[in-house]
Amino acid sequence: MAKKDKEDDEFRPTGTIAILAIFVVTLIAIWATIYMILVGRGGTTL
Amino acid sequence: MKQYQVSAAEKKFIGSHILVAVLALAVGSFFGPLQAFEHAGWDFYIYLKPFIKSYYQGLTVHGVLNALVWTTFFIMGFLTFNVIFGLKRPLKNIVLNKVGFWLMVVGVVAAAAPVLMNEATVLFTFYPPLKANPFFYLGLTLVVVGSWVEGWGLIITYLGWRKENPSERTPFVAFASLVTFVLWQICTLGVAVEILTMLLPWSLGLIEGVDPQLARTYFWFTGHPLVYFWLLPAYISWYAMLPKQAGNGKMFSDSLARLSFWMFLVLSTPIGIHHQYVDPGVPPVWKFLHSMFTFGVFFPSMMTAFTVVASLEHAGRKQGGKGALAWIGKLNWSDPAVASQLLAGILFFFGGIGGLANASYNVNLVLHNTAFIPGHFHLTVSTAVTLSFMGISYWLVPYLTGRKLWQPKWATIQAWTWFVGMIIFSNSMHVLGLLGAPRRVPLGLAPYVPAEWNSRLFQVGLGGAILFLSGAIYLVIMYMTATNKQRVESEVEVPIAEAMQDPALGPAWLDRWAPWVYAALGLIVLMYGPVLFDMIKNIALTSPGFRVW
């Protein structure tokens with residue numbers, strides 16, 4: 001059975017939040033770049 | 001405390017899977033760089049003409065042996081180990097598992113023979129109306145059926161454990177492995193129906209034509225969850241083993257990990273039509289619905305990213321790491337099993353982003369059938385999965401054989417060269433795709449290649465060369481380890497990271513199968529039922545077979 005240490009209680013994954021924030025910003029930037037390529041190729045016209 | 005002892009016979013059985021997997025990787029990987037070299041204008045296929053007739057035959061060998069055989073055999077071996085070790089009990093009926101394994105081996109031989117004889121140059125997606133030799137389809141069927149039989153062997157082992165432990169939480173590595181097997185059992189129904197009702201009778205001449213649209217829909221019923229069949233075993237290692245190896249860390253949340261596996265089971269099958277956005281025979285409403293549910297998979301993916309990175313952060317801080325990101329440097333990078341999986345995870349960061357772009361109904365139009373797609377899946381199956389499996393093998397093979405890992409430093413070099421080679425290769429493939437370069441085309445021969453592609457095509461070749469070198473180092477390490485005269489002093493410790501909170505305190509509904517399996521089946525009926533009913537009602541077995549090679 002797992003023991004819950006005091007240091008586990010105090011552990012806050014702040015670095016993880018920072019990494020995931022970088023991930024989300026990168027995701028939006030890359031997705032938006034491809035979206036602009038789509039628009040630039042006339043993807044909004046029939 | 002002494003760890004559970006897996007019997008010698010079971011170790012040998014698991015090791016047999018790894019052996020077949022590595023042999024498939026050895027042959028398949030030889031052809032991967034040849035595709036890359038061809039793109040760079042270095043066509044080595046002309047020197048292989050007596051044996052390999054074309055670029056497309058090489059591409060088929062590469063795809064079938066690496067994407068289908070290497071992965072499936074490694075996964076079956078690794079998950080069998082997880083179930084035995086996790087439940088701390090032997091296989092209930094090892095004969096059943098052995099029957100499954102040998103069915104798979106016979107299937108691989110039956111499928112590989114026509115591919116190597118240039119009788120099945122249909123690429124790993126085997127889309128009709130490309131028509132292969134019947135043994136190719138028969139072989140694939142045997143591989144799938146064999147994997148089902150092995151899965152049944154594991155399920156009855158679990159049922160035996162559950163009978164004796166009615167109120168205990170299923171240990172995570174066994175639980176997650178069984179979910180992966182159940183996902184496989186469900187999703188492979190698509191390809192089984194495709195082969196048995198159309199492709200096999202068609203190739204045998206029992207029916208005259210085939211319906212390519214229906215066949216593609218069946219294929220992607222299996223094809224997308226296949227990605228999760230590849231990924232989930234790597235996730236099991238990332239969740240439950242890597243934190244321990246990286247710095248004696250603990251799994252941040254056992255409950256989140258279990259919930260994410262259930263969500264993958266429920267959500268990963270009824271979304272296959274997002275691979276068919278430009279198929280004219282699929283109504284747009286179904287493409288839209290499948291695209292929405294594809295984004296649903298983003299949630300368990302982010303839960304996985306959060307839990308795995310938090311567990312690694314826990315390990316890094318235990319080793320004295322400080323700051324928002326500096327703890328990463330404190331992880332146990334000198335262990336090749338750790339370095340491989342951390343590097344695989346870093347590249348998967350970009351693989352996930354590319355996957356979301358592919359899944360977007362509108363943005364996909366820029367990427368569809370371009371070099372972006374192989375660029376993407378070389379970050380997922382060829383790195384997140386393959387490099388992780390290589391990392392796992394760096395402790396699993398010494399564990400199974402009792403022989404020391406040969407030259408651990410070279411194993412670490414192998415991981416880094418794979419990482420660097422893949423960055424160069426995959427980045428240039430992504431960019432080429434955005435510039436409009438098609439996939440599955442020998443671009444070295446194409447007369448329409450604009451000048452702006454040239455530097456990127458060279459980088460594809462360069463990346464392929466580094467990956468070839470890395471793959472060769474891996475194969476040498478595996479061979480030298482398996483034959484190493486130096487034995488380990490004591491049995492290799494299986495790295496299992498305990499959870500921060502006792503799993504028994506987690507919700508009981510996370511350890512109940514029925515609601516999740518019913519939800520998975522129900523969602524499949526809702527998302528595929530009407531579209532498949534319509535396609536089957538209007539089936540047109542009219543397309544003749546083509547042999548274009």
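Student: Why does Asn248(B) count as partly exposed?

Tutor: Asn248(B) has 14 C-beta neighbours inside 10 Å. A residue is buried with 20 or more other C-beta atoms within 10 Å of its own, exposed with 12 or fewer, and partly exposed in between, the C-beta atoms being placed from the backbone. The count for Asn248(B) therefore makes this residue partly exposed. The model is predicted, so local features need pLDDT of at least 70 and side-chain atom pairs pLDDT 80 or more, whereas totals for chains, interfaces and linings use all residues. Residues are numbered from 1 along each chain as its sequence is written, chains are lettered from A and ligands numbered from 1 in the order in which they are written.

Student: How do you know whether Asn369(B) is buried, exposed or partly exposed?

Tutor: There are 13 other C-beta atoms within 10 Å of Asn369(B), so this residue is partly exposed. Its phi is near 55°, again a positive value in a residue other than glycine. Asn369(B) sits in the loop between H13 and helix H14 (372-401) of chain B.

Student: Why are H2(A) and H12(B) called oblique to each other?

Tutor: The axes of helix H2 (residues 14-40) of chain A and H12(B) cross at roughly 40° and come within 10 Å. Axes are lines fitted to C-alpha atoms over the stretch in contact, and angles run from 0 to 180 degrees between N-to-C directions. Angles under 35 degrees count as roughly parallel, over 145 as roughly antiparallel, 65 to 115 as roughly perpendicular and the rest as oblique. H2(A) and H12(B) are therefore oblique.

Student: Which residues make the contact of H2(A) with H12(B)?

Tutor: Contact requires C-beta atoms, placed from the backbone, within 7 Å. H2(A) contributes Phe23(A), Thr26(A), Leu27(A), Ile30(A), Trp31(A) and Ile34(A), and H12(B) contributes Phe349(B), Ile353(B), Leu356(B) and Ala357(B).

Student: What is the peptide bond from Pro128(B) to Pro129(B)?

Tutor: That bond is cis, with omega near 15°, whereas most peptide bonds are trans. Pro129(B) is in the loop between helix H3 (94-116) and helix H4 (134-164) of chain B.

Technical notes: Helix = DSSP H or I, 4+ residues; strand = E, 2+ residues; numbered from the N terminus. Contact = placed C-beta atoms within 7 Å.
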